[in-house]
Amino acid sequence: MSTITAAAARNNIVKTSSTTTKSVITHTKPIVAYWLYFNASLVFTIVVVGGLTRLTESGLSIVEWNVISGMKPPRSEEEWREEFEKYKQYPEYKLLNRHMELKDFKGIFYWEWGHRMIGRFIGMTLILPAIYFARRGYMTKRVQKQVLFIASVMGFQGFMGWFMVKSGLSEALMKEPGAVPRVSQYRLTAHLCTALIIYASAIFSAADILRANKIANGTYPKGVAEMLNNPILKPFRKYTNLLGGLIFITALSGGLVAGLDAGLIYTEYPKMGEGYIPPLNELWSDHYTKETDHGKWRNLLENPVTAQFDHRTLAEFTALTTTALWAYSRRLPLPKNARYAVNTMMLAAATQVTLGICTLIYMVPISLAAIHQAGALAFLTSNFWLIHALRKVPL
């Protein structure tokens, strides 16, 4: 099979010096891509563990943020009692968990501690190898900038995690009648958003590196490149990108549902109560409107009923759009990789819809809810695969 020449590697090829006899790396090495994929898998893991931490109501068990000393859990009975006493000073214990004993506290503590330790591990596995690869000349300047961006967002992600936890520790919750100690849905959704940005950046950077290596080595099939450069694929490529944005927004709306515990409001499907749309006085309640507001828009972000309805609607629209895109793809001359990607995306969408409905009607059991969250990431990943598989390749 004919192949694309190495001269087409564009930005991932760097100029070599003619004044030195030392071997010079002229493109980012594949090991960097595999390292980025590994970090993406860790981000996938921590998102799922973070969901389990929330579902087990463990996220507010550690009331301090100590980057170094916080790595060591309590070791003696005295240290455990000290940690438990700290927890007792905050609203979650005072309002919900006064019955809790030390052995129960240990259970929720380890979930949150494990979540934080995975976060620290991800930081180390990103920063330390990045320094090594950069010093060894394994990465082009372009990839170094991409890694620096990922590391920067990761640092912000750590801050957002603690900023989110702090919202659930506020003493102001004690003054609100009927208040439930939980983190702000805004901060939780922002925390999820930054995790998805890190995940997407790592995956696309890794995929770009491996493709550039094939081009540089002259092993990328010319026939595949010709198929990808076919103008007939231009609309499909655009729709695939738009679908990616829709999946991303749907996932973030799930963050609002999680932050508001909105999945427990209506637990039937396809109806919500007696109709397909909840009563308007519940959907657009005056309870969530402030005097300074112009309209009842705050219901979209703070009303559990509206949050669930919005997430349902977005999920249904996303599933229908995915099905339409899959049907459209059947008429197009796609390369094998892109064909596999679009079929996988259709399967992921169907699975995610099924998981969402089951999670709802079984009243959000921890196992199903965690799998549903993992399914959202798998669905998004399949879309990333398709987006990258459709990118043009220079001839």
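Biologist: Is Val364 buried, exposed or partly exposed, and what is its relative accessible area?

Modeller: Glad to start there, with a reminder that this is a predicted model: local features need pLDDT of at least 70, side-chain atom pairs count only at pLDDT 80 or more, and totals for chains, interfaces and linings use all residues. Buried means under 20% relative accessible area, exposed means over 50%, and partly exposed is in between (1.4 Å probe, protein chains only). Val364 is therefore partly exposed, at a relative accessible area of 25%.

Biologist: Where does Val364 lie?

Modeller: The phi of Val364 is near 55 degrees, a positive value in a residue other than glycine. Helices here are DSSP runs (H or I, at least four residues), numbered from the N terminus, and strands are E runs of at least two. Val364 sits in the loop between helix H12 (336-361) and helix H13 (366-389).

Biologist: What is the relative accessibility of Asp261?

Modeller: Asp261 has a positive phi, near 55 degrees, in a residue other than glycine. This residue belongs to the loop between H8 and H9. Asp261 counts as partly exposed because its relative accessibility is 34%.

Biologist: Which residues does a cis peptide bond join?

Modeller: Look at the loop between helix H8 (234-260) and helix H9 (280-283), where Pro270 is found. With omega at about 10 degrees, the cis peptide bond joins Tyr269 and Pro270.

Biologist: Are helix H1 and helix H6 roughly parallel or antiparallel?

Modeller: The axes of H1 (residues 30-55) and H6 (residues 185-217) come within 8 Å and cross at roughly 160 degrees. Such axes are lines fitted to C-alpha atoms, for helices over the stretch in contact, with angles running from 0 to 180 degrees between N-to-C directions. Under 35 degrees counts as roughly parallel, over 145 as roughly antiparallel, 65 to 115 as roughly perpendicular and the rest as oblique. So H1 and H6 are roughly antiparallel.

Biologist: How many nonpolar residues does the contact of H1 with H6 have?

Modeller: Ala, Val, Leu, Ile, Met, Phe, Trp, Tyr, Cys and Pro count as nonpolar, Asp, Glu, Lys and Arg as charged, and the others, Gly among them, as polar. Alongside two polar residues and one charged residue, the nonpolar count in this contact is 21.

Biologist: How many of the chain's residues are buried, as a percentage?

Modeller: The chain has 13 helices and zero strands. Of its 395 residues, the buried share is 45%.

Terms used:
Residues numbered from 1 in each chain as written. Heavy atoms only, no water.
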